[in-house]
Amino acid sequence: MSGKPDELIDYGDAIDYWTSIPATVDGVLGGYGEGTVVPVMDVLGSNHFLRKLKSRMVVEPGYRKVGCDVGAGIGRVTKTMLHKHCDVVDLVEPVKPFVAQMDTELADLRKEGKIGTIYDIGMQDFVPEKGKYWLIWCQWCVGHLPDEELVKFFKRCIEGLQPNGTIVVKENNTPSNTDDFDDTDSSVTRSDAKFKELFEQSGLKLIATDRQKGLPEELYPVRMYALKPAT
């Protein structure tokens, strides 16, 4: 067995697992969908975090609030939260049944012109258009990239930001300083310290962070990180 949990990640295994999961809110949230507090508390926490950042996220003249929902699943985050903050949202999701379900979930927002491009590829293959995004939102997905690939991904995201653009990462944290590999979906849960290390390696500075409140106690702690290019 490998010494580092992130070295055990296998993209194929991850896609196989998620393809076998129902393309529903309950499916994408691992059984914590409708009927639990998770979807509602998650949205409340994200909205609150973005509102607190408002003065740090002023749009530069000549730009629009273009968002990118990375690891978008069936479009839940875009549908319930991101579209309220952005003029238009692109989505990145490699699992085909989830992408197909977006047609239903996002139909109304598409009619309103709020949905941009849907990229049906993995984060490891996603190259954001240079200077396009006001906000790149990565939620419950970066655990599918090994450390080295995640740093490369963040560096590409920096290139994809508008002037004064922001990256938000919302992820589970291990309560200890070690990382946990999950062989069910071939992902790694990282510690807060590890995330901060990887942000720094990527050339990102942390401008705000917050713990998500109100989630069931048996779940991992969830933390939000707002990031800007360090230079």
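Trainee: In what sense do strand E5 (residues 161-174) and E9 pair?
Mentor: Antiparallel, over 6 bridges. Strands here are DSSP runs of E, at least two residues, and helices are runs of H or I, at least four, numbered from the N terminus; two strands pair if DSSP finds at least two bridges between them. This is a predicted model, so local features need pLDDT of at least 70 and side-chain atom pairs count only at 80 or more, while totals for chains, interfaces and linings use all residues. Residues are numbered from 1 along each chain as its sequence is written, and side-chain values use heavy atoms, leaving out hydrogens and water.

Trainee: Which residue in E9 is the bridge partner of Val168?
Mentor: Ala226.

Trainee: And how many bridges join strand E8 (residues 204-211) to E9?
Mentor: 7, and those two run antiparallel. Lys205 has Lys228 as its bridge partner in E9.

Trainee: Is E9 mostly covered or uncovered?
Mentor: Mostly covered: 6 of the 8 residues in E9 (222-229) are buried, meaning under 20% relative accessible area with a 1.4 Å probe, protein chains only (exposed is over 50%, partly exposed in between).

Trainee: Switching topic, which residues have the most contacts inside the largest nonpolar core?
Mentor: Ile136, Phe153, Ile167 and Val169, in a core of 28 residues. A nonpolar core is a set of buried Ala, Val, Leu, Ile, Met, Phe, Trp, Tyr and Cys residues joined through side-chain atoms within 4.5 Å.

Trainee: Which elements give two or more residues to this core?
Mentor: Among them are E5, E9 and helix H7 (147-159). H7 gives the most, with 6 residues.
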